[in-house]
Amino acid sequence: MLNLKLSHNPLIQYRPIRTSDLEVLEKIHGDLFPIRYESEFFQNVVNGRDIVSWGAVDRNRPNEQSDELIGFVTARTVLAKDSDIEEFLRYDSSRSEQTLIYILTLGVADSYRNLGIASSLIREVIKYASNIPICRAVYLHVISYNNPAIYLYKKMSFQCVRRLSAFYFINGQHYDAYLFIYYVNGGRSPCSPL
């Protein structure tokens with residue numbers, strides 16, 4: 001699909017986020033999200049401290065911007081027993097080392113939307129989680145009015161398992177969120193017929 005906002009044919013590639021991405025990462029987050037993140041969050045992302053991340057770049061971008069981020073995903077490994085989704089897992093309490101991957105943020109610059117970049121970034125997270133034998137699921141929260149994101153997660157076979165009332169507090173107002181889960185490595189819902 002040709003994006004009319006771009007003056008060139010993009011060549012999208014994916015790579016780890018690096019320290020040199022700090023300024024652009026902060027800007028894109030600021031442009032895309034109503035929630036303001038602390039500088040410590042961004043430092044942890046670019047330095048890989050307890051956060052894994054992938055960035056998307058457009059190698060055909062002009063003016064020496066071919067390595068500048070145009071999209072990203074950040075995620076964290078959490079112990080299943082310490083998560084807020086334990087009730088949605090068929091969980092073996094004797095295996096306390098079981099983990100989950102929690103997607104913290106996902107975003108794509110406006111002019112690069114609808115090119116499959118967010119889907120590719122999510123696939124990177126799923127592939128990462130699938131390569132951790134003790135990982136049982138990838139999960140995330142999405143604000144209830146973000147219909148494009150909700151559509152994307154459903155299209156990618158994430159299961160919407162709960163609506164969380166007043167989950168976000170932004171600019172003095174409460175907003176609901178949806179909890180989405182994608183099971184990996186034999187992880188499944190406790191209600192699953194399997």
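Asn-131 is found in the loop between H3 and E5, where helices (labelled H or I, at least four residues) and strands (E, at least two) are DSSP runs numbered from the N terminus. Asn-131 is exposed, with a relative accessible area of 60%; exposed means over 50%, buried under 20%, and partly exposed in between, with a 1.4 Å probe and protein chains only. The C-alpha atoms of Asn-131 and Asn-185 are separated by 8.5 Å, although these residues stand 54 residues apart along the chain.

This is a predicted model, in which local features need pLDDT of at least 70 and side-chain atom pairs count only at pLDDT 80 or more, while totals for chains, interfaces and linings use all residues. Residues are numbered from 1 along each chain as its sequence is written, and side-chain values use heavy atoms, with hydrogens and water left out.

Strand E5 (residues 135-143) holds His-141, which is buried, with a relative accessible area of 11%. The side chains of His-141 and Tyr-102 are joined by a polar contact of 2.7 Å, a polar contact being a pair of N or O atoms within 3.5 Å of which, within protein, one must be able to donate a hydrogen and the other to accept it, and residues adjacent in sequence count only if both atoms are side-chain atoms. Not counting residues up to four places away in sequence, His-141 touches Asp-84, Tyr-102, Leu-164, Phe-167, Tyr-168, Tyr-178 and Leu-179, contact meaning heavy atoms within 4.5 Å.

Helix H2 (residues 39-47) has Phe-41, Phe-42, Asn-44, Val-45 and Val-46 as buried residues, and what covers them includes H1, E2, E3 and E4. Just after H2, Gly-48 takes a positive phi of about 65 degrees.

The largest pocket is lined by 36 residues, of which Phe-33, Leu-106, Asn-146, Ala-149 and Tyr-153 lie nearest its centre; on a 1 Å grid over the protein atoms alone, a pocket is an open set of points where a 1.4 Å probe fits, with protein on both sides within 12 Å along at least five of seven lines, and lining residues have an atom within 4 Å of a point. Strand E4 (99-108), helix H3 (117-130), E5, helix H4 (147-155) and strand E6 (159-170) are the elements that give two or more residues to this lining. The second largest pocket has 14 lining residues, and the closest to its centre are Lys-27, Ile-28, Asp-31, Glu-68 and Ala-109.
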